[in-house]
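Here is a short note for a colleague who has not seen this structure before. Please read it with the model open.

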Amino acid sequence: MNYRNDTQSISKVLSVYIDRTIENPNFSKPSLEALKNFLLSLQQNLIPKLSIVEHKICSNPSFTQLCNSLNIPKKYGFLGLFAIALFSISSYIRYLWSKRPRLLSDAFAIAGPSSSCIKLIYSESLTNSSSNDDDEYESNNYLNNYKNNIINKDKDVITNKDRYKYWVIYWLFYGVFHISDNMVSANTQKAIKKYGTKNKNPYWYYWLIKIIGIYWAGYGNGKVTLYQKIVIPILRKYHEMNMKQN
């Protein structure tokens, strides 16, 4: 992506820095593959959005006038503004982590996945679904069709219908955490009453596990793994048991 030198210089520097880091011979090691993919994800998804924000701010006449009055380049003015915003957000997240970990984890669990679900709904008109869509879920067609899709060479092609299934699994996965949240919150209140307020987040490891699990399932491919490795085998066994009883 081409960035303008006058209003997108910070985004350009970050993109060039990631390019140079990835081109480093040390990054060819298999152990650094996850870090390389993370940097590529930042370059392809985050930095373009940051460049749009930078362009709008640096093109603003009031911001330009402020930078001129302070006798600083606009890129340093944006960098300072970005640092202040980052510090404020990190401070608020730290406050939530120490006093409201459930609120923080729930916001993380709902924000990104909800946005993806809304985009998915808008990408396909639900009123144009064919009359054969319901046949997939009748009797053994559901499991047989899934089994045929796995054997099919085109298994890497994911339809919107598949995405709907994956997101249903994610919300069920989040629901399990939501139930356990109530127990952990109750135990936290008991611990605070018993030991005082010195340790305001005694079950911090649970909330950390929850955030990691939510990231894996909601922001990664964990929901697909849950669907393929857990849900489908359980449904297949349940269906086979019903067939034997009948």
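1. A residue counts as buried when its relative accessible area is under 20%, as exposed when that area is over 50%, and as partly exposed in between. The model is predicted. Phe-78 has a relative accessible area of 3%, so Phe-78 is buried. Phe-82 comes out at 35%, which makes Phe-82 partly exposed.

2. Where do Phe-78 and Phe-82 lie? Both belong to helix α4, which covers residues 74–99. They are four residues apart, or about one turn of the helix.

3. Next, the aromatic rings. The structure holds 14 aromatic pairs. Phe-78 and Phe-82 form a stacked pair, because their planes are at 20 degrees and their ring centres 6.3 Å apart. The cut-off for stacking is an angle under 30 degrees.

4. Trp-204 and Tyr-205 pair in another geometry: edge-to-face. Their centres are 6.0 Å apart, with 80 degrees between the planes. How accessible is Trp-204? Its relative accessible area is 45%, so Trp-204 is partly exposed. Tyr-205 is partly exposed too, at 43%.

5. One aromatic cluster is formed by Phe-173, Phe-177, Tyr-206, Trp-207 and Trp-216. Please locate these five side chains in the model.

6. A charged residue also meets a ring. Lys-223 lies over the face of Trp-167. The distance to the ring centre is 4.4 Å.

7. Now the helix packing. Helix α2 spans residues 33–58. The axes of α2 and α4 come within 10 Å and cross at roughly 120 degrees. That angle makes α2 oblique to α4. The crossing is right-handed.

8. Which residues make the contact between α2 and α4? From α2 come Leu-50, Glu-54, Ile-57 and Cys-58. From α4 come Lys-74, Phe-78, Leu-81 and Phe-82. The stacked pair of Phe-78 and Phe-82 thus takes part in this helix contact.

9. Helix α1, residues 9–22, also packs with α2. Their axes come within 9 Å and cross at roughly 170 degrees. Angles over 145 degrees count as roughly antiparallel, so α1 and α2 are roughly antiparallel to each other.

10. Residues of α1 that meet α2 include Ile-10, Leu-14, Ile-18 and Ile-22. Among their counterparts in α2 are Leu-39, Leu-40, Ile-47, Leu-50 and Glu-54. Leu-50 and Glu-54 meet α1, and both also belong to the contact with α4.

Technical notes:
Residues numbered from 1 in each chain as written. Predicted model: local features only at pLDDT ≥ 70, side-chain atom pairs only at ≥ 80, totals over all residues. Heavy atoms only, no water. Phe/Tyr/Trp six-rings, centres within 6.5 Å; stacked < 30°, edge-to-face > 60°. Helix = DSSP H or I, 4+ residues; strand = E, 2+ residues; numbered from the N terminus. Buried < 20%, exposed > 50% of the residue type's maximum accessible area, 1.4 Å probe, protein only. Lys NZ or Arg CZ within 6 Å of the ring centre and 35° of its normal. Axes fitted to C-alpha atoms, helices over the stretch in contact; angles between N-to-C directions. Parallel < 35°, antiparallel > 145°, perpendicular 65-115°, else oblique. Left-handed = near helix turned anticlockwise from the far one by under 90°. Contact = heavy atoms within 4.5 Å.
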